[in-house]
Amino acid sequence: MSRVIIGYHTLEDRDNADEVEANGPFMCTRENAWLGDGYYFWDSDPDLAHEWGRVGYQLRRKQYMICQGEILNDDFLFDLVGWIPHQKTFLAMMDLLQDHLPAGAEPKMVDVLDFLRSNDAFPYNAIRAADIHSQSREVKFGGKRGEYAILNQRTQICLLNKKNLILPSFRIIFPTKYVK
Amino acid sequence: METQMLDRLREVLASMSKKEFLTQWQEITERNKDVAGPTVREFMANFSCPVLDQPQHFQLTIDIEFFSNAGEYHFAMAA
């Protein structure tokens, strides 16, 4: 059964709302994109999209816009957040690669994904991954050793193509002057 | 599907010579060398410089003071 995730895509506001809604989302090819080239969405949290707008655009004296889209969380999404078999497979692949590398080499997530994609070994349309940021919360289970869960991780979805995006749902939600 | 992916990776690795693998791996890591959060250049552009597109020089000074619980300087005590 597939579920739908609401994703938020931040872009520079070039006063081209119609073009964005007709042709978006747009591929990110920045050299430091965490999961490689793809269409990036913040998972379920518009505040993260605003934060990226402020850091990525406003501090450089540019304006930003945010689009919302519905993303299918189905068998073609490689889910490193909510699906333990995918996490285990990823770690097994990383270990396998590490066995072929010189001692001490530490592959990054993007290196592993890049190697798979370059060798036609990645059958998914999208990747979902998360890190911990200032808004993440540690919630204790109450055990004597202080064990805790980490909630509200900062989660991104990188679409390698647009197949998992329900295209008609893609629309601008910020700034409000563009909202139809 | 994840099992097929793992099998496919094993196949790929088995089909490559060590040299071929390391060459490809080096190309990938070189391509991804900046993936570690914002680069210094981006950090400076985003947070530090109100005057865009002009060379800037920054100097960072850090003052560190060490206090004991009684409020005395450890450095002073050591001296």
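Good morning. I begin with two residues of chain B: Phe21(B) and Trp25(B) stand four residues apart in helix α2 of that chain, so about one helical turn separates them. The model I am presenting is a predicted one.

Let me stay with aromatic rings for a moment. A pair of such rings is described by two quantities, the distance of the centres and the angle of the planes. Over all chains, the count comes to eight aromatic pairs. One of these pairs is formed by Phe115(A) and Phe21(B), an edge-to-face arrangement with 5.5 Å centre to centre and 70° between the planes. Where do these two rings sit? Phe115(A) belongs to helix α4 of chain A and Phe21(B) to helix α2 of chain B, residues 18-31, so the pair joins two chains. Phe115(A) and Phe21(B) are both buried. Phe21(B) also pairs with Trp25(B), and here the rings are stacked, at 6.0 Å centre to centre and 25° between the planes. Phe21(B) and Trp25(B) are likewise both buried. Within chain A, a further group deserves mention: Phe78(A), Phe122(A) and Tyr124(A) form one aromatic cluster.

How many residues does each chain bring to the contact? Chain A brings 38 residues and chain B brings 31. Together the two chains bury about 3100 Å², and 64% of this area is on carbon and sulfur atoms. Three residues of chain A, namely Asn32(A), His100(A) and Phe115(A), supply 18% of the area that chain A buries against chain B, more than any other three residues.

One salt bridge is found across the interface of chain A and chain B. In that salt bridge the side chains of Asp114(A) and Arg31(B) meet, with 3.0 Å from N to O. On the side of chain A that touches chain B, helices α3 (84-99) and α4 (109-118) each supply at least two residues. By residue type, this side of chain A divides into 23 nonpolar, six polar and nine charged residues.

I now turn to chain A as a fold. Its secondary structure consists of four helices and nine strands. Read from the N terminus on, the order of elements is β-α-β-α-β-β-α-α-β-β-β-β-β. The C-alpha trace of chain A spans about 50 × 45 × 40 Å along its principal axes. Chain A has 180 residues, of which 47% count as buried. Consider also the contacts in chain A with a separation of 6 or more: residues 24 or more positions apart account for 72% of them.

A single residue can illustrate such contacts. Is Gln156(A) buried or exposed? Its relative accessible area is 13%, below the 20% limit, so Gln156(A) is buried. Gln156(A) is placed in strand β8 of chain A, residues 154-159. Apart from neighbours within four places in sequence, Gln156(A) is in contact with Trp34(A), Tyr40(A), Phe41(A), Trp42(A), Ile127(A), Arg128(A) and Ala129(A).

Finally, some points about the backbone. Most residues other than glycine have a negative phi, and most peptide bonds are trans. Pro25(A) is in the loop between α1 (17-23) and β2 (39-43) of chain A. The bond from Phe174(A) to Pro175(A) is also cis, with omega near -5°, and Pro175(A) lies in the segment after β9 (165-174).

As for phi, Asp15(A) has a positive value, near 55°, although Asp15(A) is not a glycine. Asp15(A) is found in the loop between β1 (3-12) and α1 of chain A, and with 62% relative accessibility it counts as exposed. Asp120(A), too, is a residue other than glycine with a positive phi, about 55°. The place of Asp120(A) is the loop between α4 and β5 (126-131) of chain A, and at 66% relative accessibility Asp120(A) counts as exposed.

Thank you for your attention.

How values were computed. Residues numbered from 1 in each chain as written. Chains lettered and ligands numbered in written order. Predicted model: local features only at pLDDT ≥ 70, side-chain atom pairs only at ≥ 80, totals over all residues. Heavy atoms only, no water. Contact = heavy atoms within 4.5 Å. Buried area = accessible area lost by both parts, 1.4 Å probe. Salt bridge = Lys/Arg side-chain N within 4 Å of Asp/Glu carboxyl O. Nonpolar A, V, L, I, M, F, W, Y, C, P; charged D, E, K, R; others polar. Buried < 20%, exposed > 50% of the residue type's maximum accessible area, 1.4 Å probe, protein only. Phe/Tyr/Trp six-rings, centres within 6.5 Å; stacked < 30°, edge-to-face > 60°.
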